[in-house]
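Hi there,

Here is the structure I promised to pass on to you. Please open it beside this email and follow along as you read.

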Amino acid sequence: MNATYLAQSAYGSASIPARTPRSSERAVIEQVTASMFHASQEGADFAHLAEAVFDNQKLWIALAADVADRNNSLPQSLRAQIFYLAEFTQIHSRKVLNEKASLEPLLEINRAIMSGLRGQQEAVS
């Protein structure tokens, strides 16, 4: 075996495509959203719901911090909208955990963001 053969066998047929930052963000949001959805199903325990909502809150805190960074390249208006959504998710999450609101608005927001990231990714590809 020579070095060329080893390189080709190691790198020639990558089965995992390279991820872009946007596709990575979408994957995290998909995971958190799926967790919240499953936690909202009949028969799921409250601890699972609380954990899923808490994970969603952490996600939105990270998104808010990202768009608050002056080096963020998104348009200012979009950054402001994302920051507003982050604030809304924090407030609404508390209502969900106090059993005073439905989880559905949080799921809808995440799905809309995933759709936007998917569309943005397709436009880049």
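In α4, the buried residues are Arg 79, Ile 82, Ala 86, Thr 89, Gln 90, His 92, Ser 93 and Val 96. Buried here means under 20% relative accessible area, while exposed means over 50% and partly exposed lies in between (1.4 Å probe, protein chains only). Helices are DSSP runs (H or I, at least four residues), numbered from the N terminus. With 22 residues, α4 reaches 32 Å from its first C-alpha to its last, close to the 32 Å expected at 1.5 Å a residue. That expected span is 1.5 Å times one less than the number of residues in the helix.

Before you go further, please note that this is a predicted model: local features need pLDDT of at least 70 and side-chain atom pairs count only at pLDDT 80 or more, while totals for chains, interfaces and linings use all residues. Residues are numbered from 1 along each chain as its sequence is written, and side-chain values use heavy atoms, with hydrogens and water left out.

Just after α4 comes Glu 99, with a positive phi of about 60°. Glu 99 sits in the loop between α4 (76-97) and α5 (104-124), and it counts as exposed because its relative accessibility is 64%.

Next, α2. Its buried residues include Ile 29, Val 32, Met 36 and Ala 39. The 20 residues of α2 should span 28 Å at 1.5 Å a residue, and the end C-alpha atoms are 29 Å apart, which agrees.

How do α2 and α3 cross? Their axes come within 8 Å and cross at roughly 155°. (Axes are lines fitted to C-alpha atoms, for helices over the stretch in contact, and angles run from 0 to 180 degrees between N-to-C directions.) The two helices α2 and α3 are therefore roughly antiparallel, a label for angles over 145 degrees.

Now for the nonpolar cores: sets of buried Ala, Val, Leu, Ile, Met, Phe, Trp, Tyr and Cys residues joined through side-chain atoms within 4.5 Å. The largest has 13 residues, and Ile 29, Leu 59, Trp 60, Leu 63 and Ile 82 have the most contacts inside it. At least two residues of this core come from each of α2 (21-40), α3 (46-68), α4 and α5. The most come from α3, which gives five. Another core, of nine residues, lies apart from it, and Ala 39, Leu 49, Ala 52 and Leu 106 are among its members.

Enjoy exploring!

Note on methods:
Angles under 35 degrees count as roughly parallel, over 145 as roughly antiparallel, 65 to 115 as roughly perpendicular and the rest as oblique.
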